[in-house]
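Hi,

Here is the structure I promised to pass on. Have a look at it first, then read my notes below.

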Amino acid sequence: MSKTVGIIGLGLLGGSLAKALKAYTDYEVVGYARRQEVCDAAIQDGVVKAAWTEVEPLIESSDIVVFSLPPDTNARLFTETAHLFRPKQVVTDVSSAKENFLRAVYESIPKGTIFVSVHPMAGSEKGGYEVSHKNLFKGMGWIVLEDKASEVYSEEVAEELAEMGRAVGSRIEFVDIYAHDEYLAMVSHMPHLLAAILTQVSGGDELGELRMRLSAGGFRDCTRVAGGLPSMWREIIYGNRRNVIEGLTRIEAEIQRVKEVLSQDDEGQALESYLECSRDIRTKLPYLTGQIKDS
C-alpha cells in the first residue's frame, strides 16, 4: 500500500514536489494551501487527491509531512501543530535555512515521531503554484540532512527521502544538519544578497534607469535572483544572518584584495591571473553539480 505524502504549502517548491511525486512515484499526495483557489487548482490538475486550507486533516491523512512554507512560518506552524503528530510519522521540510525550524522541531516533536530534514536545491525568482512544474528537481541537488546523534533521526527514513529525491531526478548529497546553513550562506543566501546590492548600486539612484537601459546579459545574469519574493528571502537570509554576515566579511576582504590587484602597475597581469583563477574554479561547477559527467 503506497504511503501518503502531505505537503504543507503548494507554492513553487511544494507544488513542484507534489507534481513530481504524482508523475514519477507511487506516493499518494495531499496538500495544504492558504488559499482555496490553490487547493482547487491542485485537485483539478490531478496533482493531489485532497487539499485543505487547514493543516489538521493533512497531518491526520499523511505518513510523511513536508513543511514547504518559508522557514520561520514552517517553525511557527510546527510548534502550533506538533501535538497532532503520532509515533512513526515522518516530519521533513524543504527550508533553505534550517536553524529556526530545527530548534522548533527539537523543542516540540512528540516521542516516537521521526524527523529528517531535506533541502532540494531548486527554485526560481518566480513563485506560486502556477509556475510549479514536475521537472523542477531534475538534475538538481537534493540534500539529506544527517543528525545521527538525535533520538528522532532515522537512517532508514533518510534513505527513503534520498530515494524520493532520486525518483524525481535529483542528485543526492548527505550533509551534517549543523553545517548546512554555513554552506548555504556562501552558495545561496549571500549570492542573493549580493545580487540585491549590485541592483541597488547600479539602479537605485537618479542615473539608475539609464544604466539599466545600457545593461546586457552580464548584469541580467548577475542580478536575476534579486527578482525573488522579498518576504520569503527576508526569512531565509535573516534566519541565517550569522553565517551570511561571516560570508560578507569574507567578501569585504576579497574586495580589498581586488583593489590591491588593480592598484598594481603591471599592465593588468595580476588582474588576468586573478580572473584566470576564478574561471578555473567556475569551470568545475557543472562537473561538481552533475550537469556534466566526467568521461
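Let's start with helix 11 (residues 241-263): at 1.5 Å a residue, its 23 residues should span 33 Å, and its end C-alpha atoms are 33 Å apart, so the two agree. The expected span is 1.5 Å times one less than the number of residues. Helices are DSSP runs of H or I with at least four residues, strands are runs of E with at least two, and both are numbered from the N terminus.

Before going on: this is a predicted model, where local features need pLDDT of at least 70 and side-chain atom pairs count only at pLDDT 80 or more, while totals for chains, interfaces and linings use all residues. Residues are numbered from 1 along each chain as its sequence is written, and side-chain values use heavy atoms, leaving out hydrogens and water.

Back to helix 11, where N243, V244, G247 and V261 are buried. Buried means under 20% relative accessible area, exposed over 50%, and partly exposed in between (1.4 Å probe, protein chains only). Helix 7 (180-203), helix 10 (230-239) and helix 12 (269-283) are among what covers those buried residues.

Now find V48, in the loop between helix 2 (36-44) and strand 3 (50-52). Is V48 buried or exposed? V48 counts as buried, because its relative accessibility is 6%. Beyond its neighbours within four places in sequence, V48 is in contact (heavy atoms within 4.5 Å) with A18, V29, V30, G31, A42 and I43. From V48 to E209 is 161 residues in sequence and 44 Å in space, C-alpha to C-alpha.

Happy browsing!
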